[in-house]
Amino acid sequence: MSAVQMLLFLGIAMCVGAFRWKRKLEKYEFENRTDGGVVQFGSFEKSKAHERAWGMADLLNRFGIVAIIVSVIMLVLTN
């Protein structure tokens, strides 16, 4: 397996991981939504941790997309 293929696999794995992470966050929000449509948290710290988790999942997804794009470009240029 070449380095380009490993980078492609890593990018796909990162995107899949980010997708699963976001699904868990969405499930938490769905289960803790009030009748008014507001997500309730037990404390301010938990709300900030949830917000950071969304940001990290989004960042992981973006890095995965960049890795996929770079690996595809490298595959096209080397063949």
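User: How many salt bridges does a search of the whole structure find?

Analyst: The search finds 6. A salt bridge here is a side-chain nitrogen of Lys or Arg within 4 Å of a carboxyl oxygen of Asp or Glu. Before we go on, this is a predicted model: local features need pLDDT of at least 70, side-chain atom pairs count only at pLDDT 80 or more, and totals for chains, interfaces and linings use all residues. Residues are numbered from 1 along each chain as its sequence is written, and side-chain values use heavy atoms, leaving out hydrogens and water.

User: What makes Asp58 and Lys22 a salt bridge?

Analyst: Their closest N and O atoms are 3.6 Å apart, and the cut-off is 4 Å, so the pair qualifies. This pair links distant parts of the chain, with Asp58 in helix H2 and Lys22 in helix H1, 36 residues apart. Helices are DSSP runs (H or I, at least four residues), numbered from the N terminus.

User: Why is Arg62 called exposed, and why is Asp58 called partly exposed?

Analyst: Buried means under 20% relative accessible area, exposed over 50%, and partly exposed in between (1.4 Å probe, protein chains only). Arg62 has 53%, so Arg62 is exposed. Asp58 has 28%, so Asp58 is partly exposed.

User: Which residues make the nonpolar surface patch?

Analyst: Trp21, Met56, Leu59 and Phe63 make a patch of about 400 Å². Patches are made of residues with over 30% relative accessible area and no salt bridge; like charges are joined within 9 Å, nonpolar side chains (Val, Leu, Ile, Met, Phe, Trp, Tyr) within 5 Å. Areas come from the Shrake-Rupley method with a 1.4 Å probe, and for residues only the protein chains shown count as cover. Met56, in helix H2, has 46%, so Met56 clears the area cut-off. The largest share of the patch, 3 residues, comes from helix H2 (residues 44–78).

Methods. Helices (H or I, at least four residues) and strands (E, at least two) are DSSP runs, numbered from the N terminus.
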